[in-house]
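Please follow the contacts between side chains in this structure, one group after another.

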Amino acid sequence: MADRDDIKLDYSNCLNEVLGKHDKEQGIFFEELKTLEDKLVSAHNSVTEKKAGGNLGFMELPYKIPDAKKIKEIARRTCGGYENFVVIGIGGSALGNIALQQSLNHPQWNLLGKKSTGNRVSRKGWLRLFVPDNVDPELIAGLLDAIDLKKTLVNVISKSGTTAECLANFFVIRDKLIKRVGFKKYPKHIIITTDKEKGFLRELVNKGEAIASFEIPRNVGGRFSVLSPVGLVSAAFTGIDIEKLLTGAARMADRCSAAMEPAASRTAGADHSGASSYNNPALVYAAVQWLLYQKGKRINVMMPYSNALYGIADWFRQLWAESLGKKLNNSGEVVNIGPTPVKAVGATDQHSQAQLYIEGPFDKVITFLSSEKYRASVKIPSVKIPTDGKKHYLGGHTLNELIKSEESATRLALTKQGRPNCTIAMKEINEDTVGQLIYMLELATAYAGELFNINAFDQPGVELGKQLTYALLGRPGYEEKKKELEEEMSRQKERHVV
Ligand code: PA5
């Protein structure tokens, strides 16, 4: 079982008992949360049923240790001949890679030398990582200016194998690679991560156009795939201990399901004594967010006080938005529902966003991501004030103390102004705790889908955007869509532009 102290969710500052009464109550009452017990148990049971039906593959990923071992072995064997690792993918096929890299590797990883010279920090033989997750021509051209493709491994990631952005970037790099190393040698620079059987990318694998290929399980959605080969391969090539990551995720999975054991077997309306849904951090997080949404807190700001965790906030932004933003509920009624996730980083955004959060509209709930320890300690040297020769108050403190004080100050200011906020506190940032955090947020999203009564695992809006792109670019089979689109565009002829 996971040590509860590794990750704690403190939601006290979402409770009216703590926030106090402002113009009106801005938070939730503890009693309100308590009366949700039946709903929470049924949300958990529904997620468990979907898992048992084989539909929630993300819940199986933490236990795929043998797969992680294989990936680690391939990375160890292969990385010697290369300098750079480029991930070509978008959305769920890119954001998790960035989140893992930012949270678990050195903040200036790509600037470090491959091998250590003297006492210098190095990449210990692992590869630099680039994730150009856009089709901005300047981004791709800029990357190609900066790296030597002869020393580069490219991991093309697409679950569908058809996403235009991913394929277009791949075609550009493929062409350059072939010119640089020749067609025969080019597959030595390509890894493909895609569906086991289907899609254009799998066909390329079958034709021998890749040095290695990995499978994305069908029952794992893009935004839930960071603990599958989608996220693990680049992590392994940059020296992250992916087994520990999975073990951490499994510890959180076990903690959440152990919390539900007595409750899950009970039926709605039965005696609730001994209930422990409130020990399940993923479920409590979803429940608090859902209740606050009903009270007009429609924006969920995730604000780590750590640059390392900023990528996690970005990854979560996709997870929460794409999973919960839906037109239809589970009964097919139009509801146009969904919280808006926003990312911020402390202390930087105290000087950009905090004013709005503390005094603006009462429409937000803040989720702080907090680490007790930082992986570096930096002392602020003593400096004399020129005018009176006294020591400046900052001297002798550490940056660690300063950022921690700022975090506490922002939390306090928000709470005093009646702004609900909660904190996911980690003991430290490492593979184990990041694995736990990722799994907790994924499971919370699945639970939130149940509470919002929508399907958290589809993305019809994203698919529509993809289809319209295919139509505009003349993909065969999309002729009808193209006609529709042209008709729509000609209806919108009259533009209002100044
Ligand atoms: O979460 C999702 O399903 C999406 O964000 C996808 O990850 C994204 O659209 C990329 O799709 P694919 O991996 O099929 O290229």
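Predicted model: local features only at pLDDT ≥ 70, side-chain atom pairs only at ≥ 80, totals over all residues.

Lys373 and Glu428 are joined by a salt bridge in which the closest N and O atoms are 3.1 Å apart. This pair links distant parts of the chain, for Lys373 sits in the loop between β11 (364-371) and α14 (399-416), while Glu428 sits in the loop between β12 (421-426) and α15, 55 residues apart. Lys373 has a relative accessible area of 45% and is therefore partly exposed, and Glu428, at 30% relative accessibility, also counts as partly exposed.

Because Glu243 belongs to helix α10 (residues 242-264) and Lys72 to helix α4 (residues 65-78), the pair ties together parts that are 171 residues apart in sequence. With a relative accessible area of 19%, Glu243 is buried, since the class of buried residues is defined as those under 20%; Lys72, by contrast, is partly exposed at 28%. The two residues also belong to a network of salt bridges that links Lys69, Lys72, Asp241 and Glu243.

A further salt bridge, 3.0 Å from N to O, is formed where the side chains of Arg174 and Glu209 meet. Here too the pair links distant parts of the chain, with Arg174 in helix α7 and Glu209 in the loop between α8 and β6 (212-215), 35 residues apart. Arg174 is partly exposed, its relative accessible area being 22%, whereas Glu209 counts as buried at 3% relative accessibility.

The aromatic rings come next. The structure holds 14 aromatic pairs. In one of them, Phe170 and Phe171, the ring centres are 6.0 Å apart and the planes stand at 45°, so the pair is classed as tilted. Phe170 is buried, with a relative accessible area of 0%, while Phe171 is partly exposed at 40%. Phe171 also pairs with Phe200, and because the planes of these rings lie at 75°, with the centres 5.7 Å apart, this pair is edge-to-face. Phe200 is itself partly exposed, with a relative accessible area of 31%. Elsewhere in the list of aromatic contacts, Phe58, Phe224, Tyr439 and Phe457 form one cluster.

Which residues form a negative surface patch? The patch is made by Glu479, Glu480, Glu486 and Glu487. Of these, Glu487 has its place in helix α17 (residues 479-491), and its relative accessible area of 43% makes it partly exposed.

Is Ile454 buried or exposed? At 1% relative accessibility, Ile454 counts as buried, although it lies in a loop, the one between α15 (431-452) and α16 (460-472). Between Ile454 and Lys151 there are 303 residues of separation in sequence and 46 Å in space, taken from C-alpha to C-alpha.

Note on methods:
Residues numbered from 1 in each chain as written. Heavy atoms only, no water. Patch = residues over 30% accessible without salt bridge, like charges linked within 9 Å, V, L, I, M, F, W, Y side chains within 5 Å. Areas by Shrake-Rupley, 256 points an atom, 1.4 Å probe, with all protein chains shown as cover. Salt bridge = Lys/Arg side-chain N within 4 Å of Asp/Glu carboxyl O. Lys, Arg positive; Asp, Glu negative; His and termini not counted. Charge placed at Lys NZ, Arg CZ, Asp CG, Glu CD. Helix = DSSP H or I, 4+ residues; strand = E, 2+ residues; numbered from the N terminus. Buried < 20%, exposed > 50% of the residue type's maximum accessible area, 1.4 Å probe, protein only. Phe/Tyr/Trp six-rings, centres within 6.5 Å; stacked < 30°, edge-to-face > 60°.
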